[in-house]
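Student: Could you walk me through this one? I'd like to know what the labels rest on.

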Amino acid sequence: GAGYVGILAIDVHLPDVHSLKAKRHELSVLRTDLTRRFGAAVAEVDHHDLWQRALVTAVLVDRRASEVERRLGDVEDYLAGRWDGARVDHRAVVAPEDLDG
């Protein structure tokens with residue numbers, strides 16, 4: 001098959017941030033961490049105009065669904081230990097051939 005895609009929708013709360021510039025910095029650190037540690041593609045997808053909140057999507061790809069599941073769990077464990085204000089809202093693993101279109 002074409003492999004599997006793992007998706008995490010992460011709600012990030014940054015209570016100590018008081019400007020969009022500071023928020024961009026914190027999200028840059030998060031994005032860099034997830035990319036370097038886990039090979040995730042990461043994007044801020046909502047709440048762009050809020051200082052203390054962001055919705056971030058992280059995506060992982062692997063040839064085995066079990067490996068995607070394990071890696072998503074590793075990301076969630078990392079977030080729980082390092083990013084107190086990050087909460088996973090949605091988690092999914094899909095095969096590209098299962099997607100419409």
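**Checking the labels**

Tutor: Let's start with helix H2: at 1.5 Å a residue, its 18 residues should span 26 Å, and its end C-alpha atoms are 26 Å apart, so the two agree. The expected span is 1.5 Å times one less than the number of residues. Keep in mind that this is a predicted model, where local features need pLDDT of at least 70 and side-chain atom pairs count only at pLDDT 80 or more, while totals for chains, interfaces and linings use all residues. Residues are numbered from 1 along each chain as its sequence is written, and side-chain values use heavy atoms, with hydrogens and water left out.

Student: What makes something a helix or a strand here?

Tutor: Both are DSSP runs, numbered from the N terminus: helices are H or I with at least four residues, strands are E with at least two.

Student: Why is Asp 11 called buried?

Tutor: Buried means under 20% relative accessible area, exposed over 50%, and partly exposed in between (1.4 Å probe, protein chains only). Asp 11 has a relative accessible area of 10%, so it is buried. You'll find Asp 11 in strand S1.

Student: What makes the link between Asp 11 and Arg 53 a polar contact?

Tutor: A polar contact is a pair of N or O atoms within 3.5 Å; within protein, one must be able to donate a hydrogen and the other to accept it, and residues adjacent in sequence count only if both atoms are side-chain atoms. The side chains of Asp 11 and Arg 53 are joined by one of 3.2 Å.

Student: Why does His 47 count as buried?

Tutor: Its relative accessibility is 17%, so His 47 counts as buried. His 47 sits in the loop between strand S2 (41–46) and S3. Its phi is near 65°, a positive value in a residue other than glycine. Most residues other than glycine have a negative phi.

Student: And why is Ala 95 buried?

Tutor: Its relative accessible area is 4%, so Ala 95 is buried. Leaving aside neighbours within four places in sequence, Ala 95 is in contact (heavy atoms within 4.5 Å) with Gly 3 and Tyr 4.

Student: What makes a set of residues a nonpolar core?

Tutor: They must be buried Ala, Val, Leu, Ile, Met, Phe, Trp, Tyr and Cys residues, joined through side-chain atoms within 4.5 Å. The largest such core has 22 residues, and those with the most contacts inside it are Ile 10, Val 12, Leu 34 and Leu 79. H2 gives the most to this core, with five residues.
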